[in-house]
Amino acid sequence: MADNKQPITLDLPVRNQNINVDVESIAPILGFKPGEAYDVANMTVTAELEVPQEQEYRLVLRGDVEAGTHAFARIVSADKNKFKEVTTFKKLSGSEIEELAPVLEKAGIPYEKSDLKSIAKGFKIADIKIPAGNHVLRIHSSQKLLPVNDNPKAYQLVLYAPLLSLKLTGGATKLSASVVFPAQFEEKADIADPAVEPMPGQSMPQLDADFNGKIACQRAMAWCWHNDPKITISYTYK
């Protein structure tokens, strides 16, 4: 970790958070070629934070970022100059990779210390200065979905709510997520029922509301919870 840098933030209080994801079907266009096929999940996160003190926070984001596409964050509730400031997520390098261990423990991802360098390729960090008080953080990312078990027709999307850098402030916290697939996607792919799991050490997420159906011609899924869930959505092309 560079001098004077904070470790990866894991406890920034969040009052509510919304995750909205749309999936792009790329693999069929690439002919499902082994080693080349992928899909893309575009994600927008909006989180209302309770920032204890103004400082630079090191946020972590899971997911490879598609080449040529950036994941970035901004504070949209600050003054107009802050609103224009965009902080780009970057790869972990050097001693920063060692910082990933507590992140993996929070996410319940098993690892060996010798595996950290390889695992770190699936995470990125951003150092962003946030004023004290209540503020809205917005994150945009484009995540490359790679084939599962080297099957160029099988893919999986994993979401964490809240983001791994955030922690809930209490029972009044609302966490919502929505995932939308392309129009008529089910004609070319089978989508498995979403798997919703508790985070390590947490009880099963308390569900306020959910939806799993069609919006016009698009398959959509949506949820609202009170505590930390992990969502896994798997699908396979026919």
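The largest pocket of this predicted model holds about 610 Å³ of space. A pocket is here an open set of points on a 1 Å grid over the protein atoms alone, where a 1.4 Å probe fits, with protein on both sides within 12 Å along at least five of seven lines; lining residues have an atom within 4 Å of a point. The volume is the space filled by probe spheres set on the points, with grid points joined across faces, edges and corners. Local features need pLDDT of at least 70 and side-chain atom pairs pLDDT 80 or more, whereas totals for chains, interfaces and linings use all residues. Residues are numbered from 1 along each chain as its sequence is written, and side-chain values use heavy atoms, without hydrogens and water.

The largest pocket has 26 lining residues, with Arg62, Gly63, Gly122, Gln143 and Val158 nearest its centre. Two or more residues each are given to this lining by β3 (55–62), α3 (116–119), β8 (133–145) and β9; the largest share, four residues, is that of β9. Helices (H or I, at least four residues) and strands (E, at least two) are DSSP runs numbered from the N terminus. The lining comprises 16 nonpolar, six polar and four charged residues, where Ala, Val, Leu, Ile, Met, Phe, Trp, Tyr, Cys and Pro count as nonpolar, Asp, Glu, Lys and Arg as charged, and the others, Gly among them, as polar.

The second largest pocket has a volume of about 150 Å³. Its lining divides into six nonpolar, no polar and six charged residues, including Asp64, Glu66, Lys91 and Lys144. Lysine 144 also lies over the face of tyrosine 38, at 4.5 Å from the ring centre (NZ of Lys or CZ of Arg within 6 Å of the centre and within 35 degrees of the ring normal). Lysine 153 is placed over the face of phenylalanine 32, at 5.1 Å from the ring centre.

Nine aromatic pairs are present (rings of Phe, Tyr and Trp, the last by its six-membered ring, with centres within 6.5 Å; planes under 30 degrees apart are stacked, over 60 edge-to-face, the rest tilted). Tyrosine 155 and tyrosine 235 are stacked, at 5.8 Å centre to centre and 25° between the planes. This pair links strand β9 (residues 154–160) with strand β16 (residues 229–237), the two tyrosines being 80 residues apart. The rings of phenylalanine 181 and tyrosine 235 have centres 5.6 Å apart and planes at 80°, so this pair is edge-to-face. Phenylalanine 181 lies in strand β11 (residues 174–183) and tyrosine 235 in β16, so parts 54 residues apart in sequence are tied together. Tyrosine 155 and tyrosine 235 are buried, as is phenylalanine 181 (under 20% relative accessible area, 1.4 Å probe, protein chains only; exposed is over 50%, partly exposed in between). Phe32, Tyr155, Phe181, Phe185, Tyr235 and Tyr237 form one aromatic cluster.
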